[in-house]
Amino acid sequence: MFEKAGFECPSIKEESRKLIFENEEKGVRYFWVKPSDVAIYVERGAADLGVVGKDILLEYRPDVYELLDLKTGNCSMAVAAKKGFTDDRNRTLTVATKFTNVAKAYYSSLGRDIDIVHLNGSIELAPILGLSDVIVDIVETGTTLKENNLEVVEKFVPISARLIANKANFKFKSEMIEKVKRSLQEQTEKA
Ligand code: PRP
């Protein structure tokens with residue numbers, strides 16, 4: 001999408017372990033970071049723009065501008081459990097997740113008491129091994145749940161990739177940022 005917007009950077013397509021790729025002529029530099037770190041680089045101004053999942057924005061609430069829904073990387077934030085699970089509301093529900101804040105906000109909106117188990121990955125293991133009653137995680141195709149005998153209880157937020165901007169740099173580089181945004185927006189509208 002950035003290439004189509006006129007900000008191509010051929011070196012990024014080469015097989016390598018490099019993290020930074022630059023096209024001086026176009027005045028653009030890209031770098032790879034972990035999905036959960038994108039908003040940190042943008043919030044602190046190390047990057048002017050970032051592409052990040054809405055899940056990360058909901059979880060960490062970084063102080064950045066969310067400029068555009070890129071309408072790609074579509075998935076859902078969902079509650080899932082072992083097949084046939086029913087919630088006994090007389091007991092505290094144990095919830096395993098990477099998305100602690102998202103899970104707390106969701107269950108608080110339902111007035112449901114929960115006990116959070118924070119995990120960093122392979123969340124699907126938790127209900128199978130009795131570490132939690134349910135999980136709150138991202139579901140895309142549903143294959144991971146299915147292959148681990150789990151099922152969706154409820155999908156509660158649609159997730160997709162977003163274009164974000166550093167607040168101060170947005171003012172100083174508004175012309176270029178608006179140009180990128182306009183082109184990406186046109187592409188999402190055509191898709
Ligand atoms: C995510 C999520 C699920 C999986 C869902 O994991 O945590 O495990 O994708 O996708 P599916 O519905 O298409 O099977 P990710 O690949 O981001 O890795 P993670 O374990 O580091 O979260």
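Which residues lie nearest the centre of the largest pocket? I started my notebook with that one.

**Ground rules.** I'm working on a predicted model, where local features need pLDDT of at least 70 and side-chain atom pairs count only at pLDDT 80 or more, while totals for chains, interfaces and linings use all residues. Numbering runs from 1 along each chain as its sequence is written, and side-chain values use heavy atoms, with hydrogens and water left out.

**Largest pocket.** I found F2, R29, Y30, F31 and L49 nearest the centre, out of 34 lining residues. A pocket here is an open set of points on a 1 Å grid over the protein atoms alone, where a 1.4 Å probe fits and protein lies on both sides within 12 Å along at least five of seven lines; lining residues have an atom within 4 Å of a point. I noted that β2 (28-31), α1 (38-43), β3 (49-53) and α7 (174-190) each give two or more residues to this lining. Helices (H or I, at least four residues) and strands (E, at least two) are DSSP runs, numbered from the N terminus. The space inside comes to about 1000 Å³, with volume being what probe spheres set on the points fill. I sorted the lining into 22 nonpolar, 5 polar and 7 charged residues. Asp, Glu, Lys and Arg count as charged, Ala, Val, Leu, Ile, Met, Phe, Trp, Tyr, Cys and Pro as nonpolar, and the others, Gly among them, as polar.

**Second largest pocket.** I read off a volume of about 520 Å³ and 25 lining residues, with P35, D55, I56, K98 and F99 nearest the centre. Helix α2 gives the most to this lining, with 4 residues. Why does this pocket lie between domain 1 and domain 2? Domain 1 (10-72 + 160-190) and domain 2 (75-158) both give residues to its lining, so it lies between them. The domain bounds come from an automatic or database assignment.

**R112.** I looked in the loop between α3 (100-110) and β7 (114-118) and found R112 there. Is R112 buried or exposed? R112 is buried, at 7% relative accessibility (buried is under 20%, exposed over 50%, partly exposed in between, with a 1.4 Å probe and protein chains only). A polar atom of its side chain sits 2.8 Å from the backbone oxygen of R91. Beyond four places in sequence, R112 is in contact (heavy atoms within 4.5 Å) with residues including D87, D88 and Y107.

**K171.** I placed K171 in helix α6 (residues 167-172), and K171 is exposed at 58% relative accessible area.

Definitions and conventions: Polar contact = N/O pair within 3.5 Å; in protein donor to acceptor, adjacent residues only side chain to side chain.
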